Amino acid sequence: MSEEFAIDKKIDITKDVCPFTFVKVKIALDGMENGQFLEVDLNKGEAMKNVPRSIKDEGHKILKINDKGDGVFSVIVKKK
Amino acid sequence: MTIDYKALKEGGFMRQKDAGYFSLRLHLVGGQIDADKMIRIAELSKKYGKGYLHLTTRQGVEIPYVHLDKVTAIKAELAEAGVETGVCGPRVRTVIACQGEEVCPRGMIDCQDIGQKIDKKYYGQKLPHKFKFAVTGCPAGCAKPEENDIGVQGAIHPKYDSDGCSMCGLCQEVCYSGAIEVTEDTVEFDDTKCNLCGECVKSCPMDCWRPEVLGYILFVGGKMGKKPRLADALPFIIDSEDELFSIIDVTLEFFNKHGKPRERFGTTLDRVGLKKLMADIEKLA
Ligand code: SF4
Ligand code: SF4
Ligand code: SF4
């Protein structure tokens with residue numbers, strides 16, 4: 001369903017562990033303009049429990065979370 | 001020369017195996033201390049002890065190997081640095097606390113602030129036996145509320161409002177207790193499974209989960225030691241700081257009234273009954 005948004009950048013953190021998961025998201029967002037869209041692929045479990053929440057804490061907007069199957073979710077973030 | 005061990009003990013001087021030496025317990029709250037004070041304590045351990053500090057299992061600091069002759073001198077120097085000595089014996093001991101909402105993303109209450117207030121109000125108060133407090137920010141329970149005579153824990157009772165919900169499923173993912181089920185077009189909440197952790201509230205991108213009640217869960221009667229006993233949780237959320245302290249007051253009065261000398265609070269509760277304490281608490285309302 002990600003085609004609903006014009007994604008500006010995509011990252012995959014399914015091979016990373018905490019805290020690199022969130023650090024990578026943060027670096028990706030830091031390199032973007034306000035209002036741009038980032039798509040993050042992450043794993044169910046630890047990453048899903050912590051990363052979206054940290055993104056919210058930083059003030060960015062999570063627009064959508066898609067279940068891609070096989071325990072992977074993609075999170076669409078709008079940079080604040 | 002006669003030595004008044006009792007007076008020494010009240011001042012936090014723990015008698016060591018080695019004759020004439022004490023491990024000097026300091027007064028800390030929530031395991032936090034100003035860096036300059038810590039530097040001063042380290043210096044004094046070099047001057048009066050063996051140049052090392054012992055970090056206790058309850059977030060305290062002790063200076064081992066202080067000789068009896070130096071007791072007055074080290075106390076004076078500590079006082080100058082604004083550091084008090086701790087307490088031992090049958091009284092309210094060091095209050096431990098996690099970093100709480102100020103620092104930890106999972107925290108729901110300001111544990112350091114609550115810890116300071118508990119310390120201010122009750123520290124050193126005499127009771128039938130030693131009495132330990134712990135303050136922890138969420139059900140992760142890093143400060144081990146169930147192992148203390150009184151444990152305070154942050155709690156959120158959440159409420160779902162479908163307005164704006166995108167059915168993204170995140171709340172179901174973050175809920176460790178399986179209290180939330182997100183289907184195609186509904187979000188189901190099973191109140192009975194909720195452990196009040198507040199994760200749904202903190203995570204939902206659309207703010208559909210809000211705290212209906214934000215407050216404290218009180219654990220009573222926990223202890224470790226030779227006969228461990230985990231604390232009982234009072235079966236309701238305390239929704240204000242004033243109420244929290246009124247209930248703690250009642251609990252301590254209860255212990256003073258019913259506790260036998262040298263009986264830990266948990267044992268008193270087992271003997272007299274949690275119901276009786278609950279009845280006293282209900283009289284407050
Ligand atoms: S008890 Fe909760 S708030 Fe406190 S440190 Fe642990 S996870 Fe954080
Ligand atoms: S996290 Fe929020 S938006 Fe997503 S399904 Fe749960 S309530 Fe709805
Ligand atoms: S407060 Fe915690 S346990 Fe209760 S529904 Fe929310 S996430 Fe689940």
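Student: How much area do chain A and chain B bury between them?

Tutor: Happy to start there! Buried area is the accessible area (1.4 Å probe) that two parts lose on being put together, summed over both. Carbon and sulfur atoms carry 47% of it here, and the two chains bury about 1,400 Å².

Student: Which residues of chain A lose the most area to chain B?

Tutor: Three residues together make up 47% of what the chain A side buries. They are A:Lys49, A:Arg53 and A:Lys56.

Student: What kind of model is this, and how are its parts numbered?

Tutor: This is a predicted model, where local features need pLDDT of at least 70, side-chain atom pairs count only at pLDDT 80 or more, and totals for chains, interfaces and linings use all residues. Side-chain values use heavy atoms without hydrogens or water, chains are lettered from A and ligands numbered from 1 in the order written, and residues are numbered from 1 along each chain.

Student: In what order do the elements of chain A run?

Tutor: Chain A has two helices and four strands, taken as DSSP runs (helices H or I, at least four residues; strands E, at least two) numbered from the N terminus. From the N terminus on, the order is β-α-β-α-β-β.

Student: What share of the residues in chain A is buried?

Tutor: A residue is buried when its relative accessible area is under 20% (1.4 Å probe, protein chains only). Of the 80 residues in chain A, the buried share is 49%.

Student: How many residues of chain B are in contact with chain A?

Tutor: Contact means heavy atoms within 4.5 Å. On the chain A side 16 residues take part, and on the chain B side the number is 16.

Terms used
Buried means under 20% relative accessible area, exposed over 50%, partly exposed in between (1.4 Å probe, protein chains only).
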